[in-house]
Amino acid sequence: MKGAVHRGLKGRIGAELRLRQHNIDNRRGIVDADAQRHFVIDDVLPADVFDRLVERVAGETSWVRSSTTWRSGEAIGGHELEARMAEELAYLDGDDFIAKLRAVTGFDDLEFVPAVDTNRLSMLRYRNEGDRIDWHVDGSIYLGARWAGILTLVEKTFDEQAKLELMPHGELVNLPAASAPNSLVLFQGDHVRHRARPLVHGEERIVLSLLLSTWPVRTLNPFLRRYQSRVNLTFYGNPDP
Ligand SMILES: [Fe+2]
């Protein structure tokens, strides 16, 4: 979808149709071979910003826990995060941060999705035995190319490898646990299968989940919007965007 013509009714209708087909293909396991790359940016936040954020998160109590057949863990949605730790997260809205993401992906029109979407910047915590998210590709409700970012704050594990795993082109990619904290993994989560392995007792994982798009306009398709509401209800206990 890179380079899509963003303007005009014709462009919009074309993008809606492509997005609809993409989500149908997605459910059938058909993904774009050109969208299988991932990028890792180590030390993505300045050290003082990272330390302050980790310290702030350690005292946080407003996690929403939920368990389904495919995912068990805790989350704080974007609206709650904004209300609770806007100051600690302000760096992510700055020019330096988005410039890094554009440079590394080569998508110079990459932007955060609008703040009305609770997935724009949310926080996930896994810390009970069995907490995990199974292999999946994400759905997409934005008209442009969708990029997910996982910024690790805490990766306390007995394993050599971080819990996040990707499967671009059907091949398993592990990332080292030791360098996970303050690293950002960027990938097109609606094309690259991914999961977080189950935790065992004594482990903990806390990440920021970022959602960006090259055309951050939400689809008008009610079926896709409803799908996203169900996901939001599972993660944040709230179906709203
Ligand atoms: Fe995902």
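**Note on strand β3 and its partners**

1. Strand β2 (residues 64–67) pairs antiparallel with strand β3 (residues 71–76) over four bridges. Strands pair here if DSSP finds at least two bridges between them; helices (H or I, at least four residues) and strands (E, at least two) are DSSP runs, numbered from the N terminus. The two strands form a hairpin, with three residues between β2 and β3. Val64 stands opposite Ala75 in β3, and Arg65 stands opposite Glu74 in β3.

2. This is a predicted model: local features need pLDDT of at least 70, side-chain atom pairs count only at pLDDT 80 or more, and totals for chains, interfaces and linings use all residues. Residues are numbered from 1 along each chain as its sequence is written.

3. β3 also runs antiparallel to strand β5 (residues 121–126), with three bridges. Here Ala75 stands opposite Leu124 in β5.

4. Strand β6 (residues 132–136) is joined to β3 by two bridges, again antiparallel. Arg71 has Ile133 as its bridge partner in β6.

5. The protein chain has five helices and 11 strands. Of its contacts between residues at least 6 apart in sequence, 82% join residues at least 24 apart; a contact requires C-beta atoms, placed from the backbone, within 7 Å.

6. The C-alpha trace spans about 50 × 35 × 35 Å along its principal axes.

7. Buried residues (20 or more other C-beta atoms within 10 Å of their own, C-beta atoms being placed from the backbone) make up 37% of the 241 residues.

How values were computed: Buried ≥ 20, exposed ≤ 12 C-beta atoms within 10 Å, placed from the backbone. Contact = placed C-beta atoms within 7 Å.
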